[in-house]
Amino acid sequence: MSGHAHTRKVVSRLARIEGHVAAVKRMVEDGRPCPDVLVQIAAVRGALDRAAKLLLEDHMEHCILDSLRDGDAEKHLSELREALGTFIT
């Protein structure tokens with residue numbers, strides 16, 4: 001994934017998300033109230049969505065544009081459609 005403009009940001013966000021998920025797990029283990037846990041799960045979801053948005057921006061700015069130059073756009077667009085179909089449920 002080198003050459004993408006947002007790689008460091010995505011990796012950094014994923015590291016923070018990883019820590020956040022661990023904290024949510026501890027909340028459950030500690031018997032924290034369900035509404036509190038659900039609020040934190042929603043925060044993790046939002047953080048994942050923001051990381052995915054950056055990754056998608058990178059894909060469009062790097063992979064899709066490169067594929068247009070290389071004449072391989074249809075393949076990359078097909079892969080993007082499939083990934084979005086999985087991501088957006």
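Predicted model: local features only at pLDDT ≥ 70, side-chain atom pairs only at ≥ 80, totals over all residues.
A residue counts as buried when its relative accessible area is under 20%.

Let's start with one residue. Leu54 sits in helix α2, and its relative accessible area is 10%, so Leu54 is buried. Which residues does Leu54 touch, once its neighbours within four places in sequence are left aside? They are His6, Lys9, Val10 and Arg13.

Now for the helix as a whole. α2 runs over residues 34–70, which makes 37 residues. At 1.5 Å a residue they should span 54 Å, and the end C-alpha atoms are 51 Å apart, so the two values agree. Just after the helix, Gly71 has a positive phi of about 80°.

| Feature of α2 and α3 | Value |
|---|---|
| Approach of the axes | within 9 Å |
| Crossing angle | roughly 165° |

Angles over 145 degrees count as roughly antiparallel, so that is what α2 is to α3. The contact involves Asp49, Ala52, Leu56, His59, Cys63, Ile64, Ser67 and Leu68 on the α2 side, and Ala73, His76, Leu77, Leu80, Leu84 and Phe87 on the α3 side. As for handedness, α2 passes α3 in a left-handed crossing.

Definitions and conventions:
Residues numbered from 1 in each chain as written. Heavy atoms only, no water. Helix = DSSP H or I, 4+ residues; strand = E, 2+ residues; numbered from the N terminus. Expected span 1.5 Å × (residues − 1). Axes fitted to C-alpha atoms, helices over the stretch in contact; angles between N-to-C directions. Parallel < 35°, antiparallel > 145°, perpendicular 65-115°, else oblique. Left-handed = near helix turned anticlockwise from the far one by under 90°. Contact = heavy atoms within 4.5 Å. Buried < 20%, exposed > 50% of the residue type's maximum accessible area, 1.4 Å probe, protein only.
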